[in-house]
Amino acid sequence: MQLIVNFLGRLHPLVGHLPIGFFIFLIILEYTGYWNKKFKLSASIRHFTLTLSILFAVLTATFGLLLAQQSNYSAFLLNQHRLYSLIFTALTLILYSIRNRVFVYRLVLVVSLFFLIVAGHLGARLTHGDNYFSLIQHQDSNLKVHPQTALIYSDVIQPLFQERCVACHGSAKNNGDLRLDTNEEMLKGGKTGFVFKAGDATSSLIIKRIHLSLDSKEHMPPKGKVQLSEDEDALLQWWIDIGAPTNKHISDISVPTYMLDIIYAKLGVPPTPLPDRLSILERAHVLESKFGIIVHSLSAESPYIEVNARFCGNKFGDDQLREIADLGPAIQVLDLGLTGVTDRGLVYLGGMKHLQRLQLDHTRVTSAGLGALEPLTQLESLNLYSTAIDDLVFKQIKSLPSLRHLYLWNTQVSKSAAKTWEIEHTNLLRKKHFAEQIESIKDQMTHEDASANVGESFPNSKK
Ligand code: HEC
């Protein structure tokens with residue numbers, strides 16, 4: 001049943017072109033008939049074309065509602081698309097009922113066309129992404145520096161200052177006695193001293209100025225100038241929070257995934273250096289029809305996918321999982337609940353390096369098999385509800401550094417062991433956090449040394 005629903009949903013973009021075609025054809029007929037009496041539209045053809053438009057508009061809307069349930073489209077675009085499409089569908093029905101009242105009919109015809117165009121445009125943006133209609137397509141080839149060799153300051157932060165600040169804080173103009181065009185100048189600070197406190201973004205002048213309300217005279221960049229985007233703001237804050245390092249390679253810093261995407265975008269790299277999205281989806285769809293699993297891509301552009309085998313039940317076992325493992329690094333969410341997967345199959349999960357959510361509930365896996373999850377450093381959520389696992393499980397998953405949610409209801413695990421693990425695991429996460437903070441303090445100390453040196457060589461440079 002689910003398969004049929006999915007299939008019909010996927011027909012939506014195809015069927016959607018029919019009401020557009022019929023409706024525009026109707027408008028062409030109406031208006032040529034209006035200008036040239038020879039082509040005047042007969043009531044029966046009007047009736048016929050309008051009926052076809054309505055029929056397919058309703059069909060398209062139905063399929064669209066099915067499709068919306070199974071995909072991870074941008075919620076905002078999706079809601080807008082749905083709204084405009086439903087209004088259009090309603091207007092076609094109204095048109096039908098007023099088709100004999102020429103004046104109102106023509107008026108509503110034009111209004112409907114407006115809703116149809118907007119709905120269609122939003123639909124295209126949903127499927128093809130925002131760049132589809134621009135003349136200049138963003139190419140992967142505008143790579144500036146390879147991420148492996150890029151430096152966090154020179155290749156990411158400095159270009160940002162250059163773009164947004166240096167016009168007023170550079171060698172030509174140094175408003176507020178502040179220059180942001182080189183590392184040394186930046187470290188000297190401005191008329192009121194250091195502009196940032198390494199390791200503490202919120203008390204850094206630079207961030208405070210950026211966060212002032214736009215109307216404030218001291219807001220940076222001043223009102224009317226190109227402002228920092230949310231991502232750029234987050235980037236600057238993150239960089240100061242990790243100690244504002246100036247000579248580190250990105251590959252030497254443990255960068256959270258969301259920040260990596262921002263940095264990669266700044267470097268001109270496509271978000272994730274993953275296998276090509278199209279070939280992944282192609283292979284995924286082959287496996288989808290072979291096993292009856294459901295595969296979604298996680299957004300209109302992301303190469304990451306969600307794989308759901310729950311509905312296959314026992315027909316999906318270790319051998320099928322081995323074939324799915326072919327999609328390895330692209331899988332971010334995997335639902336194996338209620339399937340025939342056993343410990344033997346878990347070894348195939350090792351290659352799914354980007355897996356964040358895994359459901360193994362109601363399967364025959366045991367604690368012994370879970371050691372195979374060790375390579376899954378990004379795993380945040382693991383569901384083991386209603387399995388035969390016992391207290392041994394904690395030994396096996398001890399080293400999963402990103403794990404935040406563990407579901408253990410209806411298993412052999414004892415309450416006390418779960419409690420102990422929870423405390424230990426929280427401590428582990430805290431320790432990791434502290435270690436990162438210590439790193440940032442070390443960086444901060446290097447900066448203060450550097451600033452002190454600069455102060456000595458330019459004793460009168462600051463008030
Ligand atoms: C259009 C010119 C302009 C741009 C662009 C601009 N600033 Fe400024 N900035 C000024 C002026 C003028 C002052 C001095 C007046 C004041 O203190 O508000 C100043 C002062 C500052 C100060 C205070 C220095 C001190 O020690 O008091 C900081 C920090 C600052 N800017 C940061 C930035 C950052 C970061 C950017 C880029 C994101 C930026 N500015 C972009 C004009 C600009």
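Tutor: Two strands count as paired if DSSP finds at least two bridges between them. The model is predicted, local features need pLDDT of at least 70, side-chain atom pairs count only at pLDDT 80 or more, and totals for chains, interfaces and linings use all residues. Residue numbers start from 1 along each chain as its sequence is written.

Student: What is the strand order of the open sheet?

Tutor: The sheet has mixed pairing. Strand 1 (294–297) and strand 6 (405–407) each have a single partner strand and therefore stand at the edges, with one side left without a neighbour in the sheet. From one strand to the next the twist averages 10°. The order of the 6 strands is 1-2-3-4-5-6.

Student: Which residue of strand 3 is the bridge partner of N308?

Tutor: Strand 2 (305–308) and strand 3 (residues 331–335) are parallel and share 4 bridges. One of the residues involved is N308, whose partner in strand 3 is D335.

Student: At what angle to strand 1 does helix 12 run?

Tutor: Helix 12 (residues 277–291) lies across strand 1 and strand 2. The axes are lines fitted to C-alpha atoms, for helices over the stretch in contact, and angles run from 0 to 180 degrees between N-to-C directions. The angle to strand 1 is about 160°.

Student: Which residues come nearest to the ligand?

Tutor: The shell around the ligand has 22 residues, where a residue is near if its C-beta atom, placed from the backbone, lies within 6 Å. Helix 9 (residues 205–211) gives the largest share, 3 residues. The shell divides into 11 nonpolar, 6 polar and 5 charged residues. Those that come nearest are C165, C168, N175, G176 and G190.

Student: Is H362 buried or partly exposed?

Tutor: H362 sits in the loop between strand 4 and strand 5 and has a positive phi of about 55° although it is not a glycine. A residue is buried if 20 or more other C-beta atoms, placed from the backbone, lie within 10 Å of its own, exposed if 12 or fewer do, and partly exposed in between. With 18 such atoms within 10 Å, H362 is partly exposed.

Student: Where is S386?

Tutor: S386 is a residue other than glycine with a positive phi, near 55°. Its 17 C-beta neighbours inside 10 Å make S386 partly exposed. Its place is in the loop between strand 5 and helix 15 (393–396).

Student: Which peptide bond is cis?

Tutor: The proline concerned, P221, lies in the loop between helix 9 and helix 10 (230–241). With omega near -15°, the cis bond is the one from M220 to P221.

Conventions
Helix = DSSP H or I, 4+ residues; strand = E, 2+ residues; numbered from the N terminus. Nonpolar A, V, L, I, M, F, W, Y, C, P; charged D, E, K, R; others polar. Contact = placed C-beta atoms within 7 Å.
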